[in-house]
Amino acid sequence: MRADAKKNYEHLLATAREVVKDQGAEASLRDIARKAGVGLGTLYRHFPTREALLETLLRESFDGLKESARERETASSPDDALVSWLRDLVACANDYRGVIAAMVAAIEDEESALHASCVTMKAAGTRLLVRAQEKGVARTDIDGGDLFAMVGALAWLGDQPSSAPRADHLFNVITSAILKK
């Protein structure tokens, strides 16, 4: 990619990140293009679908979550590793209000632009859960699917104005139900 094209792409992506964080996953693509100072065709040339744009925005965060899970597998106690990683995942989902529905759907839809990123990130969290289970600090009657259903619920709570003030408390309730203490 030419230097000026790369600069324009990065500007479009930074603008999209800002708009999606402000307006949520259903932000107007037309607004993103307008605020970036490009035509809608330019946005669609780089991101042919909303999912493609979300995948690009989330990939960096998901890669970071995957890497932090790998680091936590050896650097933290299994229960601390799982809880701190889940907190980071919920925070990531809350950064992009409304994205959790797209993430959950993408895990099931192999054709989704988000599928590979979501599946890889889910696998990283599942490894932390399995490690905690093997060490006897987490319930053994849940799996990665259950874990991500709970993350989805926690992220959804953060999107609800009436529940958001209690989101940390509810996070602690749910994680204490996952862990054996």
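Modeller: This is a predicted model, in which local features need pLDDT of at least 70 and side-chain atom pairs count only at pLDDT 80 or more, while totals for chains, interfaces and linings use all residues. Residues are numbered from 1 along each chain as its sequence is written, and side-chain values use heavy atoms, with hydrogens and water left out.

Colleague: Why is D141 called exposed?

Modeller: Exposed means over 50% relative accessible area, buried under 20% and partly exposed in between (1.4 Å probe, protein chains only). D141 has 52%, and is therefore exposed. D141 lies in the loop between α7 and α8; helices are DSSP runs of H or I with at least four residues, numbered from the N terminus.

Colleague: What makes the pair D141 and R139 a polar contact?

Modeller: The term requires a pair of N or O atoms within 3.5 Å, and within protein one must be able to donate a hydrogen and the other to accept it; residues adjacent in sequence count only if both atoms are side-chain atoms. The side chains of D141 and R139 make such a contact at 2.7 Å.

Colleague: Which helices do the buried residues of α8 pack against?

Modeller: Those residues, including L147 and F148, pack against α5, α6, α7 and α9.

Methods:
Helices (H or I, at least four residues) and strands (E, at least two) are DSSP runs, numbered from the N terminus. Contact means heavy atoms within 4.5 Å.
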